[in-house]
Amino acid sequence: MIKARGLERRFRRKGRNGGEVHAVKGVDLDVSAGELVGFLGPNGAGKTTTLRMLTTLLKPTAGEATVGGCDLLADPLGVRRRIGYVAQGGGTAPASKVVEEIEFQGRLYRMSKADALARGAALAEQLDLAGLDQRTTATLSGGQRRRLDIALGLIHSPGLVFLDEPSTGLDPQSRANLWDHIRRLRDEQGVTVFLTTHYLDEADALSDRLIVIDDGKIVAEGTPDSLKARVSGDSVVIGVSPESAAETAEVAGRLEGAHEMTVADGTVRFRVPRGDTAMPELLRALDARGIAMASMQVHRPTLDDVFLTLTGRSLRDAEVGTPVDDAPEKEATHVA
């Protein structure tokens with residue numbers, strides 16, 4: 001569905017002293033039909049700029065790509081006909097009715113009014129928008145507006161849809177509801193989904209495969225579990241009496257693969273490849289020594305741990321002080 005090689009994008013900063021910004025630096029991407037791929041990175045990493053290039057909204061400075069079977073540079077119109085794109089900010093007119101937005105979007109794809117409304121009605125059922133056709137978009141909730149944005153991006157039945165930060169600004173309940181709808185796009189309709197996000201839980205919960213971008217470059221890709229496996233094991237925290245801490249560390253240090261051992265007062269921290277299998281052995285060994293535990297915690301690696309391992313900083317820390325991701329060009333919302 002997507003094959004990109006060496007995609008780059010440079011911008012010239014505005015102003016008298018404006019310099020060049022190298023927003024995307026030689027990105028290679030491969031996305032197969034039927035995948036739900038998450039494009040993960042901090043704000044300013046190049047996610048949205050890459051997305052705009054793949055959806056024909058920005059011309060690459062260098063590189064090439066095939067999207068939906070069409071050459072990105074030689075046949076941008078063919079790309080637009082085969083994809084749906086839902087931008088981060090949405091784009092519905094507050095005073096327009098839902099049915100008007102659906103009809104207008106369908107007509108942009110040269111659908112008849114009847115076909116556009118029929119397709120809109122089917123999408124409304126699938127996306128929990130039924131009965132809202134006469135409401136103005138300004139009266140919809142945040143989750144309803146986001147689902148309407150997705151319906152507009154799917155009006156022409158594309159096989160590939162791009163979602164840019166789909167749940168930004170939604171409350172937790174609305175986010176979870178939206179995630180269910182995104183999964184169903186892939187599971188029930190066979191749509192290939194490429195979504196950008198800087199939310200770790202969203203990337204982990206939704207994606208078959210993740211592509212991690214930082215500073216305009218791809219730094220890792222794989223399933224969430226395979227990326228977490230790059231982090232050196234599960235973190236284990238044991239609470240004991242201060243008098244028993246050193247002996248506890250000695251016992252824990254004999255576990256297979258135990259490393260990064262630290263002791264502070266009555267807390268012993270270390271890593272092992274599999275915390276769930278190491279703990280029974282540790283409990284038996286401590287019991288044999290007569291050492292009583294006050295507490296025990298096992299933490300599986302998170303995607304933030306992955307980002308920290310790959311880049312040397314937390315993804316949340318990377319959100320602060322990053323360069324502007326997007327170009328000054330005005331964003332288009334739905335490709336037509």
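Where pLDDT is low, the predicted coordinates should not be read in detail. Across the protein, the mean pLDDT is 89, and 93% of the residues reach 70 or more.

On conventions, this is a predicted model, in which local features need pLDDT of at least 70 and side-chain atom pairs count only at pLDDT 80 or more, while totals for chains, interfaces and linings use all residues. Residues are numbered from 1 along each chain as its sequence is written, and side-chain values use heavy atoms, with hydrogens and water left out.

As for the overall build, the C-alpha trace spans about 80 × 50 × 35 Å along its principal axes, and the protein is divided into domain 1 (2-12 + 20-223) and domain 2 (232-300), with bounds that come from an automatic or database domain assignment. The C-alpha centres of domain 1 and domain 2 lie 45 Å apart. The secondary structure comes to twelve helices and 14 strands, taken as DSSP runs numbered from the N terminus, with helices being H or I of at least four residues and strands E of at least two.

Of the 336 residues, 49% are buried, meaning under 20% relative accessible area with a 1.4 Å probe and protein chains only. Helix 1 (residues 47-54) is largely enclosed by the rest of the structure, because eight of its eight residues are buried, including Lys47 and Arg52. Threonine 56, which follows helix 1, has a positive phi, near 75 degrees.

Now, which residues line the largest cavity? They are Leu40, Leu200, Val212, Leu303, Val306, Phe307 and Leu315, where a cavity is a set of points on a 1 Å grid over the protein atoms alone at which a 1.4 Å probe fits but cannot get out, and lining residues have an atom within 4 Å of a point. Helix 11 (residues 303-311) gives the largest share of that lining, three residues. The largest cavity holds about 30 Å³ of space, a volume being the space filled by probe spheres set on the points, which are joined across faces, edges and corners.

Note on methods: On a 1 Å grid over the protein atoms alone, a cavity is a set of points where a 1.4 Å probe fits but cannot get out, and a pocket is an open set with protein on both sides within 12 Å along at least five of seven lines; lining residues have an atom within 4 Å of a point. Buried means under 20% relative accessible area, exposed over 50%, partly exposed in between (1.4 Å probe, protein chains only). pLDDT is the predictor's confidence in each residue, from 0 to 100.
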